[in-house]
Each structure stands twice: as C-alpha cells, then as structure tokens.
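Look at the sequence and the model shown here. The paragraphs after them begin with one pair of side chains and then widen to the whole chain.

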Amino acid sequence: QVQLVESGGGLVQAGGSLRLSCAASGRTFSSYAMGWFRQAPGKEREFVAAISWSGDKTYYADSVKGRFTISRDNAKNTVYLQMNSLKPEDTAVYYCAANYALNSEAYYLNLRSYSYWGQGTQVTVSS
C-alpha cells in the first residue's frame, strides 16, 4: 500500500520554473515505479514523465522533453518533477502515480499501469 501527496504547484509566468514534489508513505516505496501525469480542463489525462524504482531509467513525453526532469530520493520517500521553461500549454492539474514492478517502457507511459494516485496539484502558467 502506498499513499501519495503532491505539492509545489502554483502560478508562474511563461518561461519560469516550478518543482513539484510527491511525498509517499509506505514501507516499500523504493520498489515502486513512479510517474507524473497531467490533465487540463476538457482534456484527457496524459503522460508527462516516469522513473524506474532504481532511478536508472526515465521517460518523458515529447511535449516536455528537454524542459522537465524527473528524479527520486528513496531515502526521503519523494519523487520530484523539475519544470523549466514553462509554457501556457503546461497549465494543468499534475498527478503523481505509483505502481510496483513496471518492467517495460509501454507500461510506464500508460496511466492504466498505475495503481496508486495522489490528489493532484494545480500548475498555472500565465502568458
């Protein structure tokens, strides 16, 4: 069982930066793959970034590659999403997700692969 709580969202100007955090509780956090997804008003939830349990593999949506960085600190039971060069189209609710033992890229990128979800944090980027 894993419980996830996101934080760090807010309002920023285009070109600015934010760092989102996802704090996890549970005895086996280090064994879980972690992902970030986002959902804008009127749109479906979409993949943003993911990281393997060991941190040695990362995946990014084309729309954020080169601007966003996912990382994790298993000692702190926390996963991060560093967002730079933000654009108005990045505006969305960002969700942290977790699942045990995701072993292929296809699973990391699919929201249906994840069993545990946080409540979401709002990111708004003004023009």
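This is a predicted model. Start with Glu46, whose side chain forms a salt bridge with Arg38; the closest N and O atoms of the pair are 2.8 Å apart. Are the two partners buried or exposed? Buried here means under 20% relative accessible area, and exposed means over 50%. Glu46 has a relative accessibility of 31%, so Glu46 counts as partly exposed. Arg38 has a relative accessible area of 6%, and therefore Arg38 is buried.

Arg38 has another partner. Asp90 also forms a salt bridge with Arg38, and here the closest N and O atoms are 2.9 Å apart. Arg38 belongs to strand β4, residues 32-39, whereas Asp90 lies in the loop between β8 (78-83) and β9 (92-100), so this pair ties together parts of the chain that are 52 residues apart in sequence. Both Asp90 and Arg38 are buried.

Asp90, in turn, meets the side chain of Arg67 in a salt bridge, with 2.8 Å from N to O. This pair also links distant parts of the chain: Asp90 sits in the loop between β8 and β9, Arg67 sits in the loop between β6 (58-60) and β7 (68-73), and the two residues are 23 apart. Asp90 and Arg67 are both buried.

How many salt bridges does the structure hold? The number is three. Arg38, Glu46, Arg67 and Asp90 are linked by salt bridges in a network.

Now turn to the chain as a whole. Read from the N terminus, the order of elements is β-β-β-β-β-β-β-β-β-α-β-β. The chain has a radius of gyration of 13 Å, close to the 14 Å that the globule rule gives for 127 residues, so the chain is as compact as a globular protein of that length. Along the principal axes, the C-alpha atoms fill a box of roughly 40 × 25 × 25 Å.

Contacts and surface complete the picture. Among the contacts in the chain with a separation of 6 or more, 59% are between residues 24 or more positions apart. Of the 127 residues, 42% are buried. The chain exposes about 6,600 Å², and carbon and sulfur atoms supply 46% of that area. As for charge, the chain carries 12 positive and 9 negative side chains, and the centres of these two sets lie 4 Å apart.

Key. Residues numbered from 1 in each chain as written. Predicted model: local features only at pLDDT ≥ 70, side-chain atom pairs only at ≥ 80, totals over all residues. Heavy atoms only, no water. Helix = DSSP H or I, 4+ residues; strand = E, 2+ residues; numbered from the N terminus. Rg over C-alpha atoms; globule rule 2.2 N^0.38 Å. Buried < 20%, exposed > 50% of the residue type's maximum accessible area, 1.4 Å probe, protein only. Contact = heavy atoms within 4.5 Å. Areas by Shrake-Rupley, 256 points an atom, 1.4 Å probe, with all protein chains shown as cover. Lys, Arg positive; Asp, Glu negative; His and termini not counted. Charge placed at Lys NZ, Arg CZ, Asp CG, Glu CD. Salt bridge = Lys/Arg side-chain N within 4 Å of Asp/Glu carboxyl O.
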